[in-house]
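Colleague: I am new to this one. Could you show me the structure and then take my questions?

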Amino acid sequence: MKNKKSLLLLLSVVLYSSQILASSSVSLLDGYEVSVEQESLKKGATIYYNLCRMCHSLKYIKYQHLLEIGFNEAEVNALRQEHLMNKAIVSTATPENAMKMFGMVPPDLSIMAKARKHGPEYIYSLMLSYVENSEGIYENKIFNGIKMPDVFSYSIAQGEQEKQKIQKDAADVASFLTWTSDPHASDRKTMGFYVIAYLLVLSGLMYLVMRRVWRRLD
Amino acid sequence: MKNIISWIDRRFPLTSFVKNELTEYPTPRNLSFWWNFGSLAGVVLVIQIITGVFLAMHYKADASLAFDSVEHIMRDVNYGWLIRYMHSTGATAFFAVIFLHMARTLYYGSYRSPRELMWWTGQILLLLIMATAFMGYLLPWGQMSYWGAQVITSLFGAVPFLGDELVIWLRGDFTVGDATLTRFFALHYLVPFIIMAMIMVHLVALHSVKSSNPSGINLADKDNIPFHPYFTTKDLFGLCIFLVIYSYFVFFQPNMFIEAENYIPADPLQTPIHIVPEWYFLPFYAILRSIPDLLGGVIAMTISVLIFTLMPFLDRTKIPGGAVYRPFYRVLFYVFLINVLVLGYVGAKPPEGFLVILGQFSTALYFGLFAILPFLAKKEELWLRKKGLSPELEALIQSEEKHKAERLAAKRKAKGQQNEK
C-alpha cells in the first residue's frame, strides 16, 4: 500500500515536471511570445542599436557577445565601426548630454527584463502604450510623465498593417532585451532538462534499491 | 588496509564510531518520509557552503562593485550563473526544508521529553540560519537588499536608551553603506561554520536520545533497525526527490524567489514603493507590522520566533505521541499552520484596509494558540480519559510513569549514597 502510494507520488512528480518543462515560453501581448530564434534576436539587436542606443546603454553586453545570437564577425564589425570588440555597448548620448536633454540619465537596459515584474511584457507594452492627447502631445498610458519619446511612432501609426509591423519590432526588441538580461537562459534550460531527466531516473533506481533493502525486514 | 585501520583504531575510535553512530545506529523502523528533512537540511547546508565559497572567489564586497560583480558572476564566470542560482535557490530550499522539519516536530510532538535539547539546539540553529540569510541578502546590493537591510537594522533603534547607538554600531555607519556590506559579508561567511558546529551538538543530542517516531512512544529495542542500509537508502531516495524539485527551480524558475526590484542597483536616494522581505520572513514581518507601536512590534516579532522554545513547557499532557492520538492538539496544529500561511500572505501585501485587521487578528491568534495550549492539553487528557483510553495506551502511560518514578528513585538513591559518604 505504502509502496503504491510513493510510486504514485513519483509518477505524478515526473508527469508534472515534464509538463512544466514543456511550457516554458513567456508570452507578450497581442499574441507575441519572447522569441529565442536568432532571426528575432538579431532583428531586435539591430533595432536597439539604431534606435534605443541613442540614449540607453547595455553595459553588461560587449560587442563580441553579439556573435552568440547569430551575428557573424563581419556584421558585428559593420555595427561597431570604431568601437572595440571587447568593449561594452554604450549609448551615443553621453550621460552629460542626456542630463542636459532629459534632466536624467536614461536607465541601462541590460537587465531591464529582470528588473521589472513580468519584464519582457513590460518592455513590450511600454513601447506600444503611447497615445496622442488632444493637444497633439504624446503620453504613455503605463508610465506617466515618461521622458522617452514615442520612438516607434505607434501613437500616430495608420492602419493595421503598419501597427502590426511595429508590434513585431517591439516584440523583437523585448526578446533581445530578455536575452541580454540572462544570456545563459537557453543553456540553463537545456542543461536543466538533462539534469532533471538524470535525477528522475536516479530517483526511480534509488526507489527500487530502497524497496529491495527494506524487503529484508518482511 | 586492515592494518591501517587497526593502527588508527588503537589511537582513535574510528571503527566503533562508524559502527555505533552510523552503520548500526539504532533507528525506529516506523519512521515516515517526514523524518527525511533533517538530513536534507544538512545536504542543503553543504550545497550552500560549497556554492558560497565559489561565489566568494568572484564576488567583491564593495558598495561600488558588489552589484556588478554579481552580474559578472552570472555572465562571465564559467557556470557562474549555475553557482549563483544554486545559492539563491538554496536559501529558499533551506528554509522550506527547515520549516517542514519543524512542522514534523510539532505535529508528532518530537519536542517532548526527552528531546527538549534537540528542540532548543534546533531553535538556535533557526536563529543562526535566519541571521545568515538576512546578511546574505544584502550582498547582491540591489534595491531590495539595501532597503531590506535598512528597515531591519533600523528596528534595533526601538531598543530603549541604547537604540540609536546600537543601529550605528550594527551598520558601522549612519545608514546602510559600504561598512555594512563588508561586515555582513564577513559574518555571512563565518556564521555557516558556527551552524556546522551547532549541528554537531544537535546530532550528539540526537544520538543520545535517538530519533522520535510517528507513534510518539519510545520503541522497544526490537523495533529499532540499523541506520545502514535501511535509512541510508531511504534518505538517498528522499534526497533524489528533493534534488528534482530543487533543480526545477534552479534551472527553470531561478528568479521566482528574487524580487525584480533587486535587479536594480541599490540607490540610497530612492525608496522602493513596497519593501518586502524574503518569503521565509513574511509571517514574522506581518506580526511586526500588526502592532501599531514600533517597540511593541519588535518585541512581538522577536517573541514570535523564540516562543517555540516554550513548547516543552506549554504542552504537558500525559497522552503519548503527537497529533496522531490527540484530536484537540491536531486541530490546534492545523489552525496554527493555516494561520502562519495567512500571516505570510498579509506580510507580502501592503498594509491597507482589511489586511491590517486580518494581520492583527492573525497575530492575536498566533500567540493565542500558544497561550491556550496548556489548558487545551489538560482538557484533552481529561476528555480522552472520560472517553476511555485503549488498554494499550493506558499501559503505555503507566509504563512511562513507572519509568519516571524509577528514574526519580534512582536519583534519590544516588543522592542518599552521596550523603552517606
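Colleague: How many residue pairs are in polar contact across the interface of chain A and chain B?

Modeller: This is a predicted model, so local features need pLDDT of at least 70, side-chain atom pairs count only at pLDDT 80 or more, and totals for chains, interfaces and linings use all residues. Residues are numbered from 1 along each chain as written, chains are lettered from A and ligands numbered from 1 in written order, and side-chain values use heavy atoms, without hydrogens and water. A polar contact is a pair of N or O atoms within 3.5 Å; within protein, one must be able to donate a hydrogen and the other to accept it, and residues adjacent in sequence count only if both atoms are side-chain atoms. With both residues at pLDDT 80 or more, the rule finds this number of pairs across the interface of chain A and chain B: seven.

Colleague: Which residue forms a salt bridge with A:Lys59?

Modeller: A salt bridge needs a side-chain nitrogen of Lys or Arg within 4 Å of a carboxyl oxygen of Asp or Glu. The rule finds one across the interface of chain A and chain B. The closest N and O atoms are 3.9 Å apart, and the partner of A:Lys59 is B:Asp68.

Colleague: How many residues apart in sequence are the parts that B:Trp119 and B:Phe308 tie together?

Modeller: Rings of Phe, Tyr and Trp (its six-membered ring) pair if their centres lie within 6.5 Å; planes under 30 degrees apart are stacked, over 60 edge-to-face, the rest tilted. B:Trp119 and B:Phe308 are edge-to-face, 6.4 Å centre to centre with 85° between the planes. B:Trp119 lies in helix H6 (residues 116–138) of chain B and B:Phe308 in the loop between helix H12 (294–306) and helix H13 (311–314) of chain B, so the parts tied together are apart in sequence by 189 residues.

Colleague: Is B:Trp141 buried or exposed?

Modeller: B:Trp141 has a positive phi of about 55° although it is not a glycine. B:Trp141 sits in the loop between H6 and helix H7 (143–155) of chain B. Buried means under 20% relative accessible area, exposed over 50%, partly exposed in between (1.4 Å probe, protein chains only). At 7% relative accessibility, B:Trp141 is buried.

Note on methods
Helix = DSSP H or I, 4+ residues; strand = E, 2+ residues; numbered from the N terminus.
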